[in-house]
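Trainee: Before we discuss this model, could you put the sequence and the structure where both of us can follow them?

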Amino acid sequence: MKKVLLMGKGGAGKTSMRSIIFENNVARKTRELGPTISIESSDVQFLGNLSLNLWDCGGQDAFFNNYLTTHNHQIFKGVEVLIYVFDVISAELDKDIHYYQSCLESILTYSPNAKVFCLIHKMDLIQEDSRNKVFFDHKKELQVRSEPIQIEAFQTSIWDETLYAAWAHIIHCLIPNIRALETNLNNFCRICCADEVVLFERTTFLVIANAATVHHPDIHRFEKISNIIKQFNLNARQQSHSKTMVIRGSTFTAYIDTLTRNTCVMMIISDPSITPAATQMNIAAARPHFERLESVHHNKAA
């Protein structure tokens with residue numbers, strides 16, 4: 001069981017992102033969620049065997065004062081990951097950074113090996129041509145304010161793929177033996193003569209790993225991949241018997257299929273000589289191998 005703290009000021013968007021990632025909520029419905037009172041602790045299963053104990057900590061001042069005094073040891077002991085969410089348009093950013101630095105002091109005391117991620121959230125509210133500068137300015141300041149802890153920062157919004165990209169990176173660092181999985185995915189991609197193979201978890205649809213043999217100049221390709229994954233998710237929910245999906249573009253074909261009990265795979269093929277039947281046979285042949293690999297991960301996580 002890996003303990004994950006989700007912290008930040010009230011209204012920063014913590015509970016909304018948690019509900020989108022782990023509860024299959026959609027962005028437009030997060031407005032119906034109420035504020036988190038104190039701490040909501042939930043156990044989340046990822047890849048069938050990775051157990052996350054997620055603590056969603058309410059962000060009101062009274063709660064923060066409690067976290068940093070009376071319940072300091074209880075909250076910050078045994079933490080694997082701290083995710084601190086900053087509202088990019090907050091009028092109280094200085095106070096927010098003060099709380100953040102106080103949390104880091106407790107992390108250094110009780111969980112010095114914890115990984116720390118900062119999410120600069122609600123970036124959709126910043127003009128598009130200013131987003132990168134705003135993000136890098138915030139990131140630079142947070143890196144200085146976080147010393148001696150090394151942090152990773154991401155810009156996020158519930159309205160696009162950035163939220164999935166950030167959480168996929170966070171979860172990635174918690175998966176046992178991830179390097180072996182990536183190596184096998186690279187081999188699979190090469191054997192199938194695929195442009196790219198993307199592996200994602202079946203319940204959250206977070207990308208676990210990807211392998212590519214072709215360089216893609218399109219900087220928005222992950223947004224397109226995210227949209228394909230979301231279509232598959234919707235299709236799988238509406239048609240429980242449907243396990244596969246094929247999307248044909250002008251220069252490529254994307255195949256989405258189950259790979260193991262806990263993962264789905266998307267394979268992108270641009271070579272017109274490779275038939276759909278051959279691709280589907282390759283995926284079927286790979287299933288037992290990746291199931292065995294997943295069982296090894298299960299033993300390492302146990």
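Trainee: Which residues in α4 meet which residues in α5?

Mentor: This is a predicted model, in which local features need pLDDT of at least 70 and side-chain atom pairs count only at pLDDT 80 or more, whereas totals for chains, interfaces and linings use all residues. Residues are numbered from 1 along each chain as its sequence is written, and side-chain values use heavy atoms, with hydrogens and water left out. Helix α4 covers residues 93–110 and helix α5 residues 131–146, where helices (H or I, at least four residues) and strands (E, at least two) are DSSP runs numbered from the N terminus. Taking contact as heavy atoms within 4.5 Å, L93, I97, Y100, Q101 and L104 in α4 meet H138, E141, L142, R145 and S146 in α5.

Trainee: How do the residues of the contact of α4 with α5 divide into nonpolar, polar and charged?

Mentor: Take the α4 side, with L93, I97, Y100, Q101 and L104, together with H138, E141, L142, R145 and S146 from α5. Here Ala, Val, Leu, Ile, Met, Phe, Trp, Tyr, Cys and Pro count as nonpolar, Asp, Glu, Lys and Arg as charged, and the others, Gly among them, as polar. The contact of α4 with α5 then divides into five nonpolar, three polar and two charged residues.

Trainee: At what angle do α4 and α5 pack, and are they parallel or oblique to each other?

Mentor: With axes fitted to C-alpha atoms over the stretch in contact, and angles running from 0 to 180 degrees between N-to-C directions, α4 and α5 pack at about 40°, their axes being 10 Å apart. Angles under 35 degrees count as roughly parallel, over 145 as roughly antiparallel, 65 to 115 as roughly perpendicular and the rest as oblique. The relation of α4 to α5 is therefore oblique.

Trainee: At what angle do α1 and α6 pack?

Mentor: Helix α1 comprises residues 14–22 and helix α6 residues 162–172, with 11 Å between their axes, and they pack at an angle of about 75°. That value makes α1 roughly perpendicular to α6. The angle asked for is about 75°.

Trainee: Which residues in α1 meet which residues in α6?

Mentor: From α1 come M17, I20, I21 and F22, which meet L163, Y164, W167 and I171 in α6. The contact of α1 with α6 holds eight nonpolar residues, no polar and no charged.

Trainee: How many of the residues of α1 are buried, and what do they pack against?

Mentor: Buried means under 20% relative accessible area, exposed over 50%, and partly exposed in between (1.4 Å probe, protein chains only). Nine of the nine residues of α1 are buried, so α1 is largely enclosed by the rest of the structure; among them are K14 and R18. They pack against β1 (2–7), β2 (39–46), β3 (50–57), β4 (79–87), β5 and α6.

Trainee: Which residues does T204 touch, not counting residues up to four places away in sequence?

Mentor: T204 sits in the loop between β7 and β8 (207–212). T204 is buried, with a relative accessible area of 4%. Leaving aside residues up to four places away in sequence, T204 touches I21, F22, F46 and Y164.

Trainee: What is the phi of K122, and what is the phi of C193?

Mentor: K122 lies in the loop between β5 (115–121) and α5, and at 22% relative accessibility K122 counts as partly exposed. C193 lies in the loop between α7 (178–191) and β7 (196–201), and C193 is also partly exposed, with a relative accessible area of 49%. Neither is a glycine, yet phi is positive in both, about 65° for K122 and about 55° for C193.

Trainee: Is the peptide bond from E147 to P148 cis or trans?

Mentor: P148 lies in the loop between α5 and β6 (151–155). With omega near 10°, the peptide bond from E147 to P148 is cis.

Trainee: How many disulfides does a search of the whole structure find?

Mentor: A disulfide is counted when a pair of cysteine sulfur atoms lies within 2.5 Å. Two of the cysteines are buried, C118 at 0% relative accessibility and C264 at 2%. The number of disulfides found in the whole structure is zero.
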